[in-house]
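Hi,

Here's the structure I said I'd pass along.

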Amino acid sequence: MRIFSIRRCAAMGVGAAVLITSAAAWGQKKRQNYDRAAIATVLHDANVYVASDADAQKLSLVTPGHEVQIVERSGPWVKVFANTDINDDANEDDRNKPEFGEDANVTPASGWIRDKGILGPGTAGGDVILFGSAANFEDEAERPHAPKGAAGAAHLLYKRVAEYFPDSPLAAEAAWRAADIRWQLDKVDVSTLPSAKEQEAYLRPQIYEGELKKVMKMYPGSEFAARAAFDLLDNKLCGDWQGLPKCPEMETGLYVKYAQQYADGPKAAEALYNAVYRQGWW
């Protein structure tokens with residue numbers, strides 16, 4: 001997996017505050033029981049307006065992969081609760097910081113967006129459309145001077161494939177790609193901290209493992225479970241070997257054990273190479 005670069009108005013009064021509070025509360029509950037006919041995501045940036053009019057005041061912005069709850073439709077417009085999923089990842093674990101930075105500053109809002117590029121669990125062929133859109137953003141994120149937010153959009157759109165279409169043949173790969181993108185982004189963030197060079201893993205901030213572990217739980221025995229397990233080794237490796245044999249010896253053991261456990265997996269050969277490399281250094 002490559003390393004990516006990534007990302008009111010007082011006049012509305014009490015009524016808007018109630019709507020925003022309702023949207024936030026709904027967002028916290030939706031994962032337990034949401035209306036699959038009403039939930040959707042967007043494939044492109046979508047402005048949220050006060051009214052179904054392009055000249056109306058803009059309330060918020062929904063970026064690709066983030067969710068909306070559809071309330072009603074009116075011609076080319078859709079009324080929604082928007083960005084109700086912003087804090088989902090932050091609630092997964094107390095160690096988590098808001099994902100991809102700027103989303104933490106976005107407030108869930110009720111308003112109107114154009115009925116274009118909106119896709120939900122009931123969309124025919126939606127798994128293929130979502131996967132293709134995610135792949136395009138992933139490709140953009142790999143390029144020099146990648147567009148801001150491309151990796152974050154790829155992560156979320158892949159994630160929606162697995163959530164909206166769990167029976168799709170693309171679901172397992174999409175879940176792994178979503179988790180891997182997040183892993184690599186968080187890995188870069190952790191590597192910039194002074195503690196990243198600490199030899200002992202417990203002295204360094206740990207990369208969030210939740211999404212990768214979910215892939216292993218949901219798709220046991222698959223190549224994507226094996227790929228997820230390989231990523232997770234990063235949290236166990238030394239930061240800096242400091243010229244001592246302890247780290248290469250320990251890491252050799254980790255990679256050998258992995259290669260034995262996932263002998264038929266796509267990362268077995270790489271794991272054995274990593275083990276031999278460490279033996280050569282030591």
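By nonpolar core I mean a set of buried Ala, Val, Leu, Ile, Met, Phe, Trp, Tyr and Cys residues joined through side-chain atoms within 4.5 Å. Keep in mind that this is a predicted model.

The largest such core has 21 residues, and Leu130, Phe137, Leu157, Tyr158 and Ile181 have the most contacts inside it. At least two core residues come from each of helix 2 (126-142), helix 3 (150-164) and helix 4 (171-191). Helix 3 gives the largest share, with eight residues.

Now the rings. I get seven aromatic pairs. One of them is Phe230 with Tyr255, a tilted pair at 6.1 Å centre to centre and 45° between the planes. Phe230 is in helix 6 (residues 223-232) and Tyr255 in helix 7 (residues 246-261), so this pair ties together parts that are 25 residues apart in sequence. Both partners are buried: Phe230 has a relative accessible area of 10%, and Tyr255 has 6%. Ring pairs also link Phe230 and Tyr255 with Tyr258 and Tyr262 into a cluster.

One more for your list: the charged end of Arg227 sits over the ring of Trp176, 5.4 Å from the ring centre.

Cheers

Technical notes. Residues numbered from 1 in each chain as written. Predicted model: local features only at pLDDT ≥ 70, side-chain atom pairs only at ≥ 80, totals over all residues. Heavy atoms only, no water. Buried < 20%, exposed > 50% of the residue type's maximum accessible area, 1.4 Å probe, protein only. Helix = DSSP H or I, 4+ residues; strand = E, 2+ residues; numbered from the N terminus. Phe/Tyr/Trp six-rings, centres within 6.5 Å; stacked < 30°, edge-to-face > 60°. Lys NZ or Arg CZ within 6 Å of the ring centre and 35° of its normal.
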